[in-house]
Every structure is written in structure tokens, then in C-alpha cells.
Amino acid sequence: MHYETKAILDKIKGSIILATEEGEQEYANIDAIPENLLDAEMTVSAIEARDSKIVLY
């Protein structure tokens, strides 16, 4: 099943943590994430909640 990542992320209100091979980076909201990180090649392998924040792997 395939979803548009941006459409899902737009629904998240609050802090988001992006966890990649390079480590984790926290952003205050979706608008704070640099556009180059939200490109069409972004694949979310897992989503979890941690301390009232959404973590995307």
C-alpha cells in the first residue's frame, strides 16, 4: 500500500522527530522540516509516538 508522505505529515500537529541512518532530529512542526527532507524519495518505514511526539523512521 502506498501513501503520499506529505499528505500524512500535514495532518500531524506538534513535534516530529525524523529518525534516519544519520541519527534523530526533532522539529517543532511539519513546516520546520527542510523541504529537501520531504522529497518524493522519502519512505517512512515506521511511525511511533514517544513522549507526546511523533517519530518517523
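I'll start with contacts: of those in the protein chain with a separation of 6 or more, 38% are between residues 24 or more positions apart. Bear in mind that this is a predicted model.

Next, the overall layout. The protein chain has one helix and four strands, and from the N terminus on the order is α-β-β-β-β. Along its principal axes, the C-alpha trace spans about 30 × 25 × 20 Å. The radius of gyration is 11 Å, which agrees with a compact globule, because one of 57 residues would come out near 10 Å. Of those 57 residues, 25% are buried.

Now to strand 1 and strand 2. These two form a hairpin, with two residues between them. Their pairing is antiparallel and runs over five bridges. Within this pairing, Ala19 stands opposite Glu24 in strand 2.

That brings me to the pockets. Rolling a probe the size of a water molecule over the atoms shows where empty space is left. The largest pocket here has a volume of about 240 Å³. Which residues lie nearest its centre? They are Leu18, Ala19, Thr20, Glu22 and Leu37, out of 14 residues in the lining. The elements that give two or more residues to this lining are strand 1, residues 16–20, and strand 2, residues 23–27. Strand 2 gives the most, with four residues. By type, the lining of the largest pocket has seven nonpolar residues, four polar and three charged.

Terms used. Residues numbered from 1 in each chain as written. Predicted model: local features only at pLDDT ≥ 70, side-chain atom pairs only at ≥ 80, totals over all residues. Heavy atoms only, no water. 1 Å grid on protein atoms, 1.4 Å probe; cavity = no way out; pocket = protein on both sides within 12 Å on 5 of 7 lines; lining within 4 Å. Points joined across faces, edges and corners; volume = space filled by probe spheres on them. Nonpolar A, V, L, I, M, F, W, Y, C, P; charged D, E, K, R; others polar. Pairing = 2+ DSSP bridges. Rg over C-alpha atoms; globule rule 2.2 N^0.38 Å. Buried < 20%, exposed > 50% of the residue type's maximum accessible area, 1.4 Å probe, protein only. Contact = heavy atoms within 4.5 Å.
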